Amino acid sequence: METAPARPRQPVTPAGTATAIRTEGLRKVYRRGQDTLVALEGLDLTVAQGEFFGLLGTNGAGKSTTIGMLTTLVTPTAGRAWVSGHEVGADPVGVKSRIGVVPQANTLDRALTVLDNLAFRGRYFGMSAPAARRRALELLERLGLAGTAGAKAHQLSGGQARRVMIGRALMHVPEVLFLDEPTAGVDPRAREDLWQLIGDVHAAGQTVVLTTHHLDEAEALCRRLAVIDHGRLLACGTPESIKAAGGARSVITVRYDADSRAVEDAARRTPGGPHEIVVDGPTVQVRTTHPDGVLGHLVRAGGAAGLTVRDATTTPPSLRTAFLTLTGHDYPVSSTHLTLPTKRIVEVSQSAIT
Amino acid sequence: MYDLRVLSRNVPALLVQVGLQPLLFTFAFAYVMPGIGGGPGGTTSFPTFSTILLPGLMAGTLMLQSIMSVTGPLAAELGPGREIADRALAPLPLWALGLQKITSSAVFGLLSSLVVVPIVWLVHAPGAAPRAQVDNWPLLVVTLVLSALLASTLGLLLGTVIDASAFGALLGLLLAAATMLGCVYYPWAALDPLGWVQVLTLANPLVYMSEGLRANLTPAVGHMPTWAYLTALTTGTAALGHLTLRRFTRQVRT
């Protein structure tokens, strides 16, 4: 069985930098009649100014709840949080005037032009009409959207709309920019453009907090990550340190044409071990820091037991394998779940090999 | 076929919805109006029916438009996209956001009620013109403003309390009930012979709006005393406003 990795209680901000976000025991419980759902369980986080910070987890892990509490729209059940030095519960207006938020859904006003969508936001934040217009045009230019200024918001493509929403969130020069699943529902090409844009915004000095359920997005963009699962913070640090916390293990999965118990003993004698072995029906999974030769051994062991290999995959150490080690369940990427009494393992489909 | 299936999904509610509207109409026009000796085709002498209708329709329109102009957009904003979250991120307290919604729909309701004036003034049978006079302009303005605020506060409350899916039907019924029992087509004082109806209508905010405008525009027609409608409008707006803004804040913040 896996050992739980040490959970950092007090993540440390890089020395000598000011704090943009701090949370202490932040907790949220939703009650609906008799049902209670613990969406977030005692979160302690610190994000420094100028950081690019990511909240990584599957749907329902507690990411949006966390963003909701930090942006004052969700009331914490317990705990406290500060954004730019203002406490979320005690001074919501102080927080709101210092943050920019890009929600998951397209909330542009469809009847207004792109320019007006931005300019109105500036007016909300106390800019004069000419100043708001100037700032909006300047941002659209910077986002490569100058040509769409006069277009109605409903004429934009998904990727363009997301860029405009980022522009809108930047209108009042926020101290912290929150992005909730910024590339959800966007085609791959537009997704890369958005990554470029968000990277540029951060490079210009903007503190960015992003939620994502895409491992590649988290790895490509975020300097520091918090891995959240079922409302709990499992790990916090650079992508590299999280991979290390996950034991940097490769996962080798072999599926035979019949019940794999016949090879279980042989699998436990895989050279380079001991490894963690999970056997379920026709599938054997080996999680190891020494992956060399494991696959060949499993194929030979199957042959010796009269089994034929139907499918075999090796997943190198990645955020995905780290996630598997940290949570005890694989990251769902269009995969089939096999339920075991103690934990779930997942048959890695051929297409998921990286 | 599909449409029938959709309709038949909720037969009892549909029947209530279909039946209640005619019931309210017959109650107002076939029971209340003859009971108080007025109504269309009733008295043609003073006060003319248009004189009764002028403040009544102004109040009715004001109430309807104030409520509709706040509930319509709100249902969309609280809906699946939760566009309200976007507005809620403006650097303002959430109650101020609710107050903005109340005031803007109050302005709209007030303007709509003014549209009624030329219509009632011009559309009538020969010799049946409304007879109106305004003795106290500031009081009229105060009455109109308070009425509009009360109506749009009510609209915001309904918008946050009623589930969006049940909204259309329920709002239609509520508005029909309010109009039929809201002293739009008859003055409150004329309800004397029907004591229980007279008492019942006191629960209807529209009564105070109609009667307030009646007192200011057509004082010759029997109307509620000024202290009564002003107290009702003021305390109603304050109490409902407090309740509504709290409710709205809770709805926006989860």
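**View 1. The open four-stranded sheet of chain A.** In this predicted model, four strands of chain A form an open sheet in the order β12-β13-β11-β14, with antiparallel pairing. From one strand to the next, the twist averages 10 degrees. Strands pair here if DSSP finds at least two bridges between them. Strands (E, at least two residues) and helices (H or I, at least four) are DSSP runs, numbered from the N terminus. Residues are numbered from 1 along each chain as its sequence is written, and chains are lettered from A and ligands numbered from 1 in the order in which they are written. Local features need pLDDT of at least 70 and side-chain atom pairs count only at pLDDT 80 or more, while totals for chains, interfaces and linings use all residues.

**View 2. Strands β11 and β13 of chain A, with helix α10.** β11 (residues 250-256) and β13 (residues 283-288) of chain A run antiparallel and are joined by six bridges. A:Thr253 has A:Gln285 in β13(A) as its bridge partner. Helix α10 (residues 294-304) of chain A packs on the sheet and touches β11, β13 and β14 of chain A. The direction of α10 makes about 20 degrees with that of β11(A). Axes are lines fitted to C-alpha atoms, for helices over the stretch in contact; angles run from 0 to 180 degrees between N-to-C directions. Contact means C-beta atoms, placed from the backbone, within 7 Å.

**View 3. Domain 1 against domain 2 in chain A.** Domain 1 covers 51-68 + 87-108 + 156-244 and domain 2 covers 247-352 of chain A; the bounds come from an automatic or database domain assignment. 12 residues of domain 1 are in contact with 11 residues of domain 2. On the domain 1 side, α7 (215-221), β9 (224-229), β10 (232-237) and α8 (239-245) of chain A each give two or more residues. α8(A) gives the most, four. By class, this side has eight nonpolar, one polar and three charged residues. Nonpolar means Ala, Val, Leu, Ile, Met, Phe, Trp, Tyr, Cys or Pro; charged means Asp, Glu, Lys or Arg; the others, Gly among them, are polar.

**View 4. Where chain A touches chain B.** 13 residues of chain A are in contact with 13 residues of chain B. The chain A side has eight nonpolar, four polar and one charged residues. The model scores ipTM 0.73 and pTM 0.75.

Definitions and conventions:
Contact = placed C-beta atoms within 7 Å.
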